[in-house]
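User: I am new to this structure. Please take me through it in short steps.

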Amino acid sequence: MDFTLGEEQQELASTVAALLDKRADSAAVRAAMSSELGYDGDLWRTLCEQIGVAALMVPEDHDGVGASLFETALVLEELGRSLAPTPLLASTLAAAALLLHGSAEQQSDLLPRIAAGALATVVLEPPLVLEPAAEIVLVPRGGGLEVCAERPEARPALDPTLRLGHLAVGAAPSQPLLDIAAALATALQLGCARRGLDMTVAYTQERVQFGRPIGSFQALKHRMADLLVLLEMTRSASWAATGAASSYLLSPTDERAATLHERATVAKAYCSDALDRIASETIQLHGGIAITWEHDAQLVFKRAHALGQLFGQAHEHRSRIPL
């Protein structure tokens, strides 16, 4: 499998990264997560209107860009790196549900709205639901989708950059849709792992002890080298899973469903464990400052634990790996 990004994919990732560097620094992220919306509405509009992130995987005949789910995963990776709260994960899963299980009428009505930036969500783990303020709430039932008129009740989350809600409805999502959700979650995990390692390496180059930067000590070099190995393995697992999800969404065959299930299951198990390790080492190598509210290391730690629970824990996915 060739994991080399194409020129347009590299340009997309770098454009999103540059925007987030300008508009989603630590102060902006904290302001967004404590706002009434729970995210930066102006940033979300810019991402949708100038880059078209919500429209990437929506077909052109539904006012989308007509790219693939893999391009959306690249955007989620950059959002994971910045820790910026946005509704992209929930809206993408709602769009995927519509493409797989929605009627022609639902697709023509809802997909253009999602592509334009309307908040949407799909119930995958009832009663848990992402984005309780979504204006479009989809419930998978009987092989199709129902639009739910009931609004989810907002609930507090371990990770203050995620917005969770409670909706007591029966839902029966298909296995491929659950696998797509797990695969996309690993994209956020990959970005978060990058953030944790980058900030740790930078800190060890600045923190001086015994007259020299602590990053020059061999024992710490070895620990960070081990984290880099975990990060690169996380990248491979996540890209394999999101690539399989993209292929299945374009052509949903039984063979591609089996490939998607295997790769998403392996990726969610591995990426969850790897991010837990990287986040823990981020705390340890920063020392006491990492557990203060003012430092972003605590956000990495909370994001790691929250994503480790979302769409199945690591041990649950390991038990599902086909033998």
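**Sheet, rings and helices**

Analyst: This is a predicted model.

User: In which sense do β5 and β6 pair, and over how many bridges?
Analyst: Strand β6 covers residues 164–166. Its pairing with β5 is antiparallel. The number of bridges is three.

User: Which strands are the edges of the open sheet?
Analyst: The sheet has three strands in the order β2-β6-β5, paired antiparallel. An edge strand here pairs on one side only. That applies to β2 (128–130) and β5 (153–155).

User: By how much are neighbouring strands of this sheet turned against each other on average?
Analyst: Direction is ignored for this angle.

User: Why is the pair of F70 and W239 classed as it is?
Analyst: A search of the whole structure finds one aromatic pair. The ring centres of F70 and W239 are 6.0 Å apart, and their planes stand at 80 degrees. Planes over 60 degrees apart count as edge-to-face. The pair is therefore edge-to-face.

User: How many residues apart in sequence are the parts that this pair ties together?
Analyst: F70 lies in helix α4 (residues 69–82), and W239 in helix α8 (residues 218–250). Both residues are buried. The pair ties together parts whose separation in sequence is 169 residues.

User: Which residue lies over the face of W239?
Analyst: The distance to the ring centre is 5.8 Å. Another ring, that of W293, has the charged end of R30 over it, 5.6 Å from its centre. Over W239, the residue is R235.

User: Is S82 buried or exposed?
Analyst: S82 is found in helix α4. Leaving aside neighbours within four places in sequence, S82 is in contact with L20, A24, V29 and R195. Its relative accessible area is 6%. Buried means under 20%, so S82 is buried.

User: What covers the buried residues of α3?
Analyst: Helix α3 spans residues 41–51. Its buried residues are G41, L43, W44, T46, L47 and C48. The cover includes α1 (7–23), α4 and α5 (88–101).

User: Which residue has a side-chain oxygen that reaches the backbone nitrogen of D42?
Analyst: This contact is at the start of α3. The oxygen comes to within 3.0 Å of that nitrogen. The residue is D40.

User: What is the phi of G52?
Analyst: G52 follows α3. Its phi is positive, near 75 degrees.

Conventions. Residues are numbered from 1 along each chain as its sequence is written. This is a predicted model: local features need pLDDT of at least 70, side-chain atom pairs count only at pLDDT 80 or more; totals for chains, interfaces and linings use all residues. Side-chain values use heavy atoms; hydrogens and water are left out. Rings of Phe, Tyr and Trp (its six-membered ring) pair if their centres lie within 6.5 Å; planes under 30 degrees apart count as stacked, over 60 as edge-to-face and the rest as tilted. Helices (H or I, at least four residues) and strands (E, at least two) are DSSP runs, numbered from the N terminus. Buried means under 20% relative accessible area, exposed over 50%, partly exposed in between (1.4 Å probe, protein chains only). A charge sits over a ring if NZ of Lys or CZ of Arg is within 6 Å of the ring centre and within 35 degrees of the ring normal. Contact means heavy atoms within 4.5 Å. A polar contact is a pair of N or O atoms within 3.5 Å; within protein, one must be able to donate a hydrogen and the other to accept it, and residues adjacent in sequence count only if both atoms are side-chain atoms. Two strands pair if DSSP finds at least two bridges between them. Axes are lines fitted to C-alpha atoms, for helices over the stretch in contact, and angles run from 0 to 180 degrees between N-to-C directions.
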